[in-house]
Amino acid sequence: MIRYSRYLMPTTKETPSDAEVASHRLMLRAGLIRKVASGIYSYLPAGLRVLRKVEAIIREEMDRAGAQEVLMPAVIPAELWKESGRWDAYGKELLRFRDRAGREFCLGPTHEEVITDLVRGEVHSYRQLPLNLYQIQDKFRDEIRPRFGLMRGREFFMKDAYSFDADEEGAAGTYRKMYEAYSRIFRRMGLDFRAVEADTGAIGGSSSHEFMVIADSGEDAIVSCGGCEYSANVEKAECPPEDRDIPSSPAPGSPRKVSTPGKRTIDEVSAFLNIAPGLLIKTLLFETDKGDVAVVLSGKHEVNETKVKNYVGAEWLKLAGEDRVREITGAPSGYTGPVGLPVRVLADHSVGAIVSGATGANEQDAHLVDVVPGRDFQPEAYADVRLVEEGDRCPRCTGNLRSSRGIEVGHVFRLGTKYSRSLSATYLDAGGKEQLIVMGCYGIGVGRTAAAAIEQHHDQDGIRWPISIAPFEVCVLPVNMKNAGLVEEAKRVAGELSVRGIEALFDDRDERPGIKFKDADLVGIPLRVTFGEKNYGAGYAEIRDRTTGETDRVGISAVVDRVCAAVEEKRKECTP
């Protein structure tokens, strides 16, 4: 039993001006965190209790999956990052500094290099594999725009695990095992989530899944099929080829140039030419480290830059600026087209569905009509390079895709030999031949998961924690601290609950009942036991469920048993 009067949990009525999302507002108002600097927070006792509960669930499931806990340094020497090639590639989010001897270091945003260095020094035989190591540790990423409290901070707690297998088959088995462990972790936290196919990004590797908590405030757009299990981040979501758009008249003999003065956008051109946006062949020019590339797609779709970057195999990609567009096409942007374009041309599948369309003429105030893809221009390939849209056909079945928003709380990667090759992490197989270790990595944002739980579980009065990660399970609340008998009875109940393994907060503050009620709702304690003077005089107390708002009037002698039963029922709801 913890006494509220002696506990540092300073609640506030005011909504912080810089708090944009519910979790940030409520964590500050409920006295869980306090801001130190942009994207950097202190965790107060109740906030730390939540984090420790999240960590405990993660540890239990990681240990159950056969992983072993280690702890690596937050400060990493530059040599390791240079050896992997990420010192320059990672970008400005990597906080670099020098020690007093002038040696370069960074604050670790992730630990692939450190763990690979550890394993290459200790693992030498196939008999030592497979191996799965994890840590729960402080990370730092120098975000250009930290926001949303713990959702996008610069300093944060993260569980990162790294697996080491002898071959791809073993690595695939470990990946499945970790996927299942993550599913159990988030189910135990009472979260509604989806595991979606995702791009591997800066971590690299052959494939990955993001674990997304479904919430309207989520930064990530995801799609899922109503007819099968398919789910994906929009950056990764596949778009199957479209049916060809057969015109009523036969294909024309050759393209015709038409004047389109001042018409540059899809809407302007389609309206001027009186054709559907889907019959416009939109052309976008990109600069990459692999050279310039033009991407053409139907005017009704938007380009997916991640897909283009991956197809080209580029380290970086950016939309060409006005000067570069003029240099390549001889015209301002808005009039670019693939016919006669002197750069490589990559076409989306949607272009293959256009039998006869219109496109820019690479000349100011002019477009070409009656353009036939494959005849008037020949792309180097047709590929999936567009963003998926609500209602698109599922790439796995005949169903249609639905859009939703999600908060990424976990990510699992199949790394292959990306890091073991660059850092020479090898082992000797049964025949004595040297082989590269096959790796995977698996991350969970600890604080981010807690914040995501709030985004999914809150109302106008405050947080509604799932009981498995709530700072307390029960709040025992006497309404009048001057009534000695009432207070003593409430204290006895709180004490008995604690003895029976229930995490109880005893609100012994000399405050008005309304303040106590509001604070209990704000902090989000799942159950509240109220000792009011009228009910107490009649031998009763009230048990209120924070999630449903339901209140039961229970005889004082039965309160402890009823609360224990209610807690047990809520715990079962968070059992995978």
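This is a predicted model: local features need pLDDT of at least 70, side-chain atom pairs count only at pLDDT 80 or more; totals for chains, interfaces and linings use all residues.
Two packed helices are described by the angle between their axes and the distance between the axes. Helix α2 covers residues 45-64 and helix α6 covers residues 168-188, and their axes come within 9 Å, with a crossing of roughly 150°. Angles over 145 degrees count as roughly antiparallel, and α2 and α6 are therefore roughly antiparallel to each other. If you want to find the contact on the screen, go to I57, I58, E60, E61, M62 and R64 on the α2 side. Their partners in α6 are M178, A181, Y182, R184, I185 and R188. Sorted by class, this contact has seven nonpolar and five charged residues, and no polar ones.

Now for another pair, further along the chain. Helix α13 spans residues 484-499, and helix α16 spans residues 559-573. Here the axes come within 10 Å and cross at roughly 45°. α13 and α16 are therefore oblique to each other. As for handedness, the crossing of α13 and α16 is right-handed. From α13 we have V493, E496 and L497, which meet V559, V560, V563 and C564 in α16. Six of the residues in this contact are nonpolar and one is charged, with no polar residue in the set.

Rolling a probe the size of a water molecule over the atoms shows where empty space is left. How many cavities of 30 Å³ or more does a search of the whole structure find? The search finds one. The volume of this largest cavity is about 40 Å³. Its lining is made up of G39, Y41, Y43, G149, L150, G153, E155, F156, G447 and R448. Two or more of the lining residues come from each of β3 (40-43), β9 (155-165) and α12 (446-456). By class, you get four nonpolar, four polar and two charged residues around the largest cavity.

We also have an open space to visit, the second largest pocket, which holds about 420 Å³. There are 26 residues lining this pocket, and R264, K282, T283, L284 and G334 are the closest to its centre. Which element gives the largest share of the lining? That would be β15, with six residues. At least two lining residues each come from α7 (266-273), β15 (281-288), α9 (322-329) and β19 (357-360). The lining of the second largest pocket divides into 13 nonpolar, nine polar and four charged residues.

Take P130, in the loop between α5 (112-122) and β8 (131-140). The peptide bond leading from L129 into P130 is cis, and its omega is near 0°. Then move to N362, in the loop that runs between β19 and β20 (366-371). N362 is a residue other than glycine with a positive phi, near 55°.

Technical notes: Residues are numbered from 1 along each chain as its sequence is written. Side-chain values use heavy atoms; hydrogens and water are left out. Axes are lines fitted to C-alpha atoms, for helices over the stretch in contact, and angles run from 0 to 180 degrees between N-to-C directions. Helices (H or I, at least four residues) and strands (E, at least two) are DSSP runs, numbered from the N terminus. Angles under 35 degrees count as roughly parallel, over 145 as roughly antiparallel, 65 to 115 as roughly perpendicular and the rest as oblique. A crossing is left-handed if the near helix is turned anticlockwise from the far one by less than a right angle, and right-handed if clockwise. Contact means heavy atoms within 4.5 Å. Ala, Val, Leu, Ile, Met, Phe, Trp, Tyr, Cys and Pro count as nonpolar, Asp, Glu, Lys and Arg as charged, and the others, Gly among them, as polar. On a 1 Å grid over the protein atoms alone, a cavity is a set of points where a 1.4 Å probe fits but cannot get out, and a pocket is an open set with protein on both sides within 12 Å along at least five of seven lines; lining residues have an atom within 4 Å of a point. Grid points are joined across faces, edges and corners, and a volume is the space filled by probe spheres set on the points.
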